[in-house]
Amino acid sequence: MTRSCFLLALTWTALIAPTQAADAAPKPDTTRGDRMIAEYFRGQTQELRDACLADVRTADDWVAKRGQYRRELLEMLGLDPMPEQTDLKAVVTGRIERDDFAVEKVVFQSSPGLYVTGNLYLPKGQKDPAPAILYLCGHGAVKKNGVSYGNKVAYHHHGCWFARHGYVCLAIDTVQLGEIEGVHHGTYRLGRWWWANRGYTPAGVEAWNAVRALDYLESRKEVDPKRLGATGRSGGGVYSWWIAAIDDRVGAVAPVAGITDLQNFVVDGCVEGHCDCMFMVNTYRWDYPQVAALAYPRPLLWCNSDSDHIFPLDGVMRSFEKVRRIYRLAGAGDRIGLVIVPGPHKDVQSIRVPVFAWMNKYLMKTDALIDSPAMPVFKPEELKVLDKLPEDQKNTRIDDLFVPAATARVPDSVDDWNAMRDGWRKALLEKSFRAWPAEPGDLDIKPAFSATRDGLTLSAYDFSSQEAVRLRLYVLSSKDRDKPKLLRVEVLDQKDWMRWLAAVRPGFEADLKDETLPLADAEAFDRLKATHTGDEGIATAYVVPRGVGPTLWNQDAKKNRHIRRRFMLLGQTLEGMQVWDVRRAMQALRTIEPWKDAAMELAGRGPMAGVALYASLFEPGVALLTLRDLPGSHKAGPCFLNVCRYLDMPQAVAMAAECAPVRLERSDETDWSYPMAVGRRLVWEPGRVDVVEADFESRVYKSPGGETLLYRLLAPPQDAKAADEKRPLLVFLHGAGERGKDNRAQLVHGTAMMRKAAGEFGCFVLAPQCPAEAIWTGREFGDLRKGISGELTGPMARVLELIDAMQKDRSIDPDRIYAMGLSMGGFATWNAAERYPERFAAIVPICGGGDAAHAARLAKLPIWAFHGGADPVVPVAASRDMIRAVEKAGGKPKYTEYPGVGHDSWTSAFAEPELLPWLLKQRRASP
């Protein structure tokens, strides 16, 4: 690496590690960002609405395009390729008899381990095969004493009506609200933005379960497979749209309150009332009438109420008219109907009757009057299918299994690599970044201001990233240098933006008067002066993409979450469009004197490092990439549509490294074995991928008796000793697989969590390494017989000595020392606390176990334990027994168990958003 590049790396470190005062700031004014994002969403929605079905002008157009549209929808549901139609393994677990119909309690597997529970309503006295209705249930939870009976129970009166009138009716549970409770709320509530990376939506699982439900109906001798219909309301309404769109076996469909258009969802905000099962991954940027149109040429009855707040009437009518045009093009206008009834979003009799009549007309060939209502008959307990949940169920983790993730291989040759790289690039453009403007438009660069203070010049430029997105770009340089040799382009997130403002405020407060300024950081300003006014010829450009800094929008957690979801509904992600913003900023810099000819280094931190990385793949001329805290996988961000169906972060690093050296700061080398292997195979020059773990200091502790212990120490951004401030200490104890003498393996798991503890909570982190031949405690997994009476093992004794030594050498708060460990380290965490409860403020044992006989010693200690419900290595009983024992002793421990998760429960535990805030607020109890 050149000397100038090295100095710039130090500049970045200085920027993101200011004094604490830089983090303090008043609440920002989001007026500009709120106005910008509202205008952007209106324009993007209008673009998609105008394009929806506009290419279908004749019946022949529709015939030519329908197959393509269906393939696109299957892909957007995660059903391309379609899963294998394996043996349903259907089982009838019980039967209920009534005078005029019977109900069978049915369970089948739509895929191995993906269980679907349902009730099959059968008419009595039926000699010939009958028409059948697939009834798809909306969000009607039925639970008693923590037991879910499935949403099929909430809608069972529909099945009763159909059976009493000569139909077979199968009502099936959904993933979220079935007897086995999975998840629909990934982005709606749980922050699982990686669903979009994976190309996953629970809509796909519901659609697949509906396909297999039709398979099951066809297998029944009581059913006429030529007369199948589908209906349902609310969530069941949208599932009716999915099955009608992808499966021609549905002969008649009547969705109730299940669809509207992007105007309602995005601009009017109805997305806030809908969970993820309502939406496909909108790769091809459809508006929702395009989904509905795929029901053609089957008879379609569109039902809604006039005061439905989540499927508003105006959007329903706009969508209906677009679809009716398709039916009319082919002379089938009489096969589409619309029913609007008065009232809110509710399952009412007035909206049921037209559905019954529609099915009678097209499946029974009768126009008989509907003379009886749909009435509830059963108690929930009568309709329950399963006595106990199957141990091999995958429902609770189907989000991580349903859409296959890409697997990468090291290329065999340069030609092989070129084909792989070009395929990934094509997939990114078509499947992840399809929403990037085809015609970028004029950058329209306008100088905003330029000011010189203390030898530094700060210049600001406004430019257009795309329509309605006007951004500001800042450049800091020496006033005495006309043409810098190196231009570093730093991509800022909101925290880095505030820290940057704090750093430049001492010199440029008057010029930044329109921004919400944090407290000034004079030390950081001095560091900027020293770097930019030196002899190296350095200038730094600061890119502030949409949603950050001047365009920050509403930061209410709920509102911000649904803004991100709006991007997804438009076939985008926020981070995907931020990549576009960085590209446009780079293009702007290439036109501005004196920066346009300088060598360009591109840098970012955390998810913004990922944004910078992907910008470099599509914008030429990057001389160096400096990526700090880059996530090892897209599962931790940034979020791009479908990206993990094709590649993950290591493959993107390899693509970038082919063109420019990549410096990975504060990163784990184990995450980047793939690009290193590619470099070796293709004989790239050394240093194309440079992994730097400088933040975790490698150290050796030597005890008074001469014994040694390898350890890593992660300090807060600024050593608290200089500020005379006591800081907390987190002791992290690794598992058995990380033992050794490399002083590195203990960082395999949890480094992102440790860095967050240091960076956001000002915590020292101690990560010792247990020697290969030793263990942390005197007990192996599950052997709890020795209790705490035995002597400490040597490694654990050294850990406790080291904690004492650190309290003398560092500014450690003795009331805020925490222990956390996984597997073998989980056992050690319990054991250390049992021995010395007075030494710790709180503990976090993960997939470990302790000695319940000594639980009373832990009654006053804050505890949050974690375990996987299907752990094959450390039985889950090890944690359950300890939690029960501590509770019995009067303690109030927290316990989180992940159903279906094996030994690796730590990944889920480290991702818990409340873990570190909870842990770091605990203080040691008074003796």
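Keep in mind that the model is predicted. The helix is H3, which spans residues 59–76 and has a kink centred on Lys65. The sheet is open and built from nine strands, with helices H7 and H11 lying across several of them.

**Helix H3**
- H3 has 18 residues and covers 25 Å from first C-alpha to last, close to the 26 Å expected at 1.5 Å a residue.
- The kink at Lys65 comes to about 40 degrees.
- Buried residues in H3 include Trp62, Arg66, Tyr69 and Arg70, and the run from Glu72 through Leu73, Leu74 and Glu75 to Met76 is buried too.
- Among the elements covering those buried residues are helices H7 (235–246), H9 (289–293), H10 (313–329) and H13 (414–432).
- After H3 comes Gly78, with a positive phi near 80 degrees.

**The nine-stranded sheet**
- Strand order is S1-S2-S3-S7-S4-S8-S9-S10-S11, and the pairing is mixed.
- S1 (91–97) and S11 (336–341) are the edge strands, each pairing on one side only.
- On average, neighbouring strands are turned by 20 degrees against each other, direction ignored.
- S8 (residues 223–233) and S9 (residues 252–256) pair in the parallel sense over five bridges; Ala230 has Val253 in S9 as its bridge partner.

**Helices across the sheet**
- H11 (residues 349–364) lies across S4, S8, S9, S10 and S11, at about 170 degrees to S9.

Methods
Residues are numbered from 1 along each chain as its sequence is written. This is a predicted model: local features need pLDDT of at least 70, side-chain atom pairs count only at pLDDT 80 or more; totals for chains, interfaces and linings use all residues. Side-chain values use heavy atoms; hydrogens and water are left out. Helices (H or I, at least four residues) and strands (E, at least two) are DSSP runs, numbered from the N terminus. The expected span of a helix is 1.5 Å times one less than its number of residues. The bend at a residue is the angle between axes fitted to the seven residues ending there and the seven starting there. Buried means under 20% relative accessible area, exposed over 50%, partly exposed in between (1.4 Å probe, protein chains only). Contact means heavy atoms within 4.5 Å. Two strands pair if DSSP finds at least two bridges between them. Axes are lines fitted to C-alpha atoms, for helices over the stretch in contact, and angles run from 0 to 180 degrees between N-to-C directions.
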